[in-house]
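Hi,

Here is the structure I promised to pass on. Please open it first, then read my notes below.

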Protein chains: 2
Amino acid sequence: MAGRDAQAVELVSGRTRVLGIVGDPIEQVRSPEMFTAEFRRRGRDAVLVPIHVRPGDFDACLPGLLRIANLDGLIFTIPYKARAIGLADTLGPSAQIVGAINALARDGQGRWKAEIFDGIGCVEAFRRRGLSFARRRVLLLGAGGAGSAIAVAIASEHPRSLRIHDPDAARAAALVAKVRQVDARIDVETGEPLLADIDVLLNASPVGMLSEARTPIEVARLPRDLVVFDAVVSPERTPLLALAEGCGCTTIYGREMMRGQIDAMVDFFSYAAPGQSRA
Amino acid sequence: MAGRDAQAVELVSGRTRVLGIVGDPIEQVRSPEMFTAEFRRRGRDAVLVPIHVRPGDFDACLPGLLRIANLDGLIFTIPYKARAIGLADTLGPSAQIVGAINALARDGQGRWKAEIFDGIGCVEAFRRRGLSFARRRVLLLGAGGAGSAIAVAIASEHPRSLRIHDPDAARAAALVAKVRQVDARIDVETGEPLLADIDVLLNASPVGMLSEARTPIEVARLPRDLVVFDAVVSPERTPLLALAEGCGCTTIYGREMMRGQIDAMVDFFSYAAPGQSRA
């Protein structure tokens, strides 16, 4: 019994700070293991748990959650990145342009500050592979929370062009306007999901998630020199990535984007609340 | 990185079920490590985290928390055992008499059922030491949530007498009435915290918790043949237990009560919600 306890103390105790990832569905998320491991690596006694909130419960649940005194932060995933913005007291620069957040943390005054790190993570994932968006022609599928954050982050990387496709044309057009807020001279437009004259294909739609066998673009083959990225993290090898690898394309996984943003987000979550020790 | 992840998966993932202990303060609680270890021992992918809710936030926070779809249960500790009863859809037999709960779990229909296990744990702790309440003269200090649960559980064990002291005399009198609901013939009364003609002293008041150096009964010495129990779990060796051991008394620790009730509570938390696998 003593041995079991000694092991368990390393997991969680009354002093452990709590964080969560809020989404629907939730079982596929990787943040609990990845962030908890990173907290431990930094010597921080904190655990990040999955929080499954159904859409009809969001408005009644989240304000209550934010009253937990030892809650240091929340991550938001599908379908809540846009909706969660209403919970924030202050917004970071990307969140202001994107109109969505994926991280909520306490600032030094105990208020909730928010930012979206998805785009930063995507750019960082490419950089770690020695790839750049500079002078590349990019097709982005999906103009929701993740897609918006990625588009805004890429806009600072000087792509040659950026085409945005979303089944909701108004949402795609709204994202084009946001991208122009970052760089008014950028070549950005809405468009069909066609691969002619495209160097980089980015999927930020939920198509291919979990057991869905579809690809987000209806083609039998992909050009061999295309770079293909998929923001979906579960399964790790999505139908799109499997197709791309079968065609000899360079592929970048959703998990790589997540790694790219973990460091920045853990820093974001590390501000001490009033009266809270940083230890 | 792979090695760190492999270790982290054992901690928590998107599939991990979540439970919590709600209290104020929260840092001293032992439930997170003890219950999480017991879940793991039973092969159940679940974690129990500390949830610090300040009294002014309780009513706004808890209804929101109960809407989390992957929340399997909550434990309530000081000062919420009586207040939390309003969250339950159905009450177990002890909770009905005591008017307080320490555990809330989903039943087979997804409603919240509640029970109080503190008393069961105290009786079980004595039993594991080969001690019984039968024909013993018992003095109980504290008629709050924990004290009430202990008194109701002891009432079924045929003590010779039970005297209950609480600074709030009305609260002590109310508990006497509850004990008579269990056994109308029992010798139970409110009274002063005096040790004459007492075999067993039970502290269920918060006096001695954390760094408070006081004992809940103002005496310099205790009779050597007295059995002394303290429901306080942090510090493990309370000022009362330290005094008792200095006087040669048999002592039973709050942690032993907690162990006594863990098995019953983990069973209580193990009912599957609708559509949820028991695996």
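A definition first: helices here are DSSP runs of H or I with at least four residues, numbered from the N terminus. H8(A) is one such helix, and A:Gly248 follows it. The phi of A:Gly248 is positive, near 85 degrees.

Keep in mind that this is a predicted model.

**Confidence**

The mean pLDDT of chain A is 91. In that chain, 93% of the residues reach 70 or more. Two stretches of chain A stay under 50. One is residues 1–9, with nine contacts beyond four places in sequence. Another is residues 273–279, with five such contacts. Where pLDDT is low, the predicted coordinates should not be read in detail. For the complex, the predictor gives an ipTM of 0.77 and a pTM of 0.78.

**Chain A as a whole**

Chain A holds nine helices and 12 strands. Its C-alpha atoms fill a box of roughly 60 × 40 × 35 Å along the principal axes. Does that chain have the radius of gyration of a compact globule, or what value does it have? A compact globule of 279 residues would have a radius of gyration near 19 Å, and chain A has 19 Å, so the two agree. Of the 279 residues, 50% count as buried. Now take the contacts in chain A with a separation of 6 or more. Residues 24 or more positions apart account for 66% of them.

**A closer look at H8(A)**

Helix H8 of chain A covers residues 239–246. Which of its residues are buried? They are A:Leu240, A:Leu241 and A:Ala244. Seen down the axis of H8(A), these buried residues fall within an arc of 95 degrees, so they line one face of the helix. An α-helix has 3.6 residues a turn, so residues three or four places apart point the same way. What does the buried face of H8(A) pack against? The buried residues pack against three strands of chain A: E10 (200–203), E11 (227–230) and E12 (250–252).

**How the two chains relate**

Two copies of a chain are related by a rotation about an axis and a shift along it. Here, chain A can be laid on chain B with an RMSD of 0.1 Å. That takes a turn of 179 degrees and a shift of 0.0 Å along the axis. This is the relation of a two-fold axis. In chain A, the C-alpha nearest the axis belongs to A:Gly64, 2.3 Å from it. Both copies use the same surface: 98% of the contact residues of chain A recur in chain B.

**The interface**

How many residues are in contact across the two chains? There are 40 in chain A and 39 in chain B. On the chain A side, H1 (2–9), H2 (31–41), E2 (46–52) and H3 (58–65) each supply at least two residues. H3(A) gives the largest share, six residues. By type, the chain A side divides into 21 nonpolar, nine polar and 10 charged residues.

B:Leu65 is found in helix H3 (residues 58–65) of chain B. Is B:Leu65 buried or exposed? A residue is buried if 20 or more other C-beta atoms lie within 10 Å of its own. B:Leu65 has 21 C-beta neighbours inside 10 Å, so it counts as buried. Leaving aside neighbours within four places in sequence, B:Leu65 is in contact with A:Gly64, A:Leu65 and B:Leu71. The C-alpha atoms of B:Leu65 and B:Val18 are separated by 11 Å. These two residues are 47 residues apart along the chain.

Best wishes

Notes. Residues are numbered from 1 along each chain as its sequence is written. Chains are lettered from A and ligands numbered from 1 in the order in which they are written. This is a predicted model: local features need pLDDT of at least 70, side-chain atom pairs count only at pLDDT 80 or more; totals for chains, interfaces and linings use all residues. Copies are superposed by least squares on the C-alpha atoms of residues with pLDDT of at least 70 in both. Two residues are in contact if their C-beta atoms, placed from the backbone, lie within 7 Å. Ala, Val, Leu, Ile, Met, Phe, Trp, Tyr, Cys and Pro count as nonpolar, Asp, Glu, Lys and Arg as charged, and the others, Gly among them, as polar. pLDDT is the predictor's confidence in each residue, from 0 to 100. A residue is buried if 20 or more other C-beta atoms lie within 10 Å of its own, exposed if 12 or fewer, and partly exposed in between; C-beta atoms are placed from the backbone. The arc is that of the directions from the helix axis to the C-beta atoms. The radius of gyration is taken over C-alpha atoms; the globule rule is 2.2 Å times the number of residues to the power 0.38.
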